[in-house]
Amino acid sequence: MNEFVIEKNRIYLPGYKEDIAYGNFDEDEEVIIVNKIFVAEEYRGTGQKLGERLMEEIINYSKSKGKKINPRCSYAKHYGKKYNLKDIFVE
């Protein structure tokens with residue numbers, strides 16, 4: 001499986017013609033604001049857990065920068081609640 005790429009305010013899994021999955025975020029000195037998590041429809045529910053893998057990559061990135069995460073999109077909020085990430089997620 002391909003690896004995720006992190007560029008300025010974006011993380012994505014490249015595909016042949018378009019990105020298979022991506023997340024958009026903003027960041028300041030203390031917080032990464034997750035604005036959108038997207039997985040192409042044909043990859044949803046396939047067992048690859050691309051949304052979860054995107055969030056794991058964003059969490060690893062935020063930890064490497066010593067920052068908290070502010071989940072603005074519904075998926076990021078759901079992920080934080082599902083895994084009880086109160087220590088790293090902030091409003």
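The face of helix 2 that is turned away from its buried side carries the exposed residues Ser74 and Lys81; exposed means over 50% relative accessible area, buried under 20%, and partly exposed in between (1.4 Å probe, protein chains only). This is a predicted model, in which local features need pLDDT of at least 70 and side-chain atom pairs count only at pLDDT 80 or more, while totals for chains, interfaces and linings use all residues. Residues are numbered from 1 along each chain as its sequence is written, and side-chain values use heavy atoms, with hydrogens and water left out. Helices (H or I, at least four residues) and strands (E, at least two) are DSSP runs, numbered from the N terminus.

**Helix 2**

- Helix 2 spans residues 74-82, and its buried residues are Ala76, Tyr79 and Gly80.
- Viewed down the axis of helix 2, these buried residues fall within an arc of 95°, so they line one face of the helix; the arc is that of the directions from the helix axis to the C-beta atoms.
- An α-helix has 3.6 residues a turn, so residues three or four places apart point the same way.
- Strand 4 (31-39), helix 1 (50-65) and strand 5 (68-71) are the elements against which the buried residues of helix 2 pack.

**Helix 1 against helix 2**

- The axes of helix 1 and helix 2 come within 11 Å and cross at roughly 80°; axes are lines fitted to C-alpha atoms, for helices over the stretch in contact, and angles run from 0 to 180 degrees between N-to-C directions.
- Helix 1 and helix 2 are therefore roughly perpendicular to each other (65 to 115 degrees).
- Helix 1 contributes Gly51, Glu52, Met55, Glu56 and Ile59 to the contact, and helix 2 contributes Tyr75, Ala76, Tyr79 and Lys82; contact means heavy atoms within 4.5 Å.
- The residues of this contact divide into 5 nonpolar, 1 polar and 3 charged, where Ala, Val, Leu, Ile, Met, Phe, Trp, Tyr, Cys and Pro count as nonpolar, Asp, Glu, Lys and Arg as charged, and the others, Gly among them, as polar.

**Nonpolar core**

- The largest nonpolar core has 23 residues, and those with the most contacts inside it are Val34, Ile37, Met55, Ile58, Ile59, Ile69 and Phe89; such a core is a set of buried Ala, Val, Leu, Ile, Met, Phe, Trp, Tyr and Cys residues joined through side-chain atoms within 4.5 Å.
- Two or more residues of this core come from each of strand 2 (10-13), strand 3 (21-27), strand 4, helix 1 and helix 2.
- Helix 1 provides the largest share of the core, 6 residues.
- Leaving aside residues up to four places away in sequence, valine 34 touches Asn24, Phe25, Ile58, Ile69, Asn70, Pro71, Arg72, Cys73 and Ala76.

**Individual positions**

- Serine 62, in helix 1, is buried with a relative accessible area of 0%.
- Beyond four places in sequence, serine 62 touches Ile32, Lys67, Ile69 and Ile88.
- Asparagine 70, in strand 5, is buried at 9% relative accessible area.
- Arginine 72 lies in the loop between strand 5 and helix 2; arginine 72 and isoleucine 33 are 39 residues apart in sequence and 6.6 Å apart in space, C-alpha to C-alpha.
- Glutamate 29, in the loop between strand 3 and strand 4, counts as exposed at 72% relative accessibility.

Key: Angles under 35 degrees count as roughly parallel, over 145 as roughly antiparallel, 65 to 115 as roughly perpendicular and the rest as oblique.
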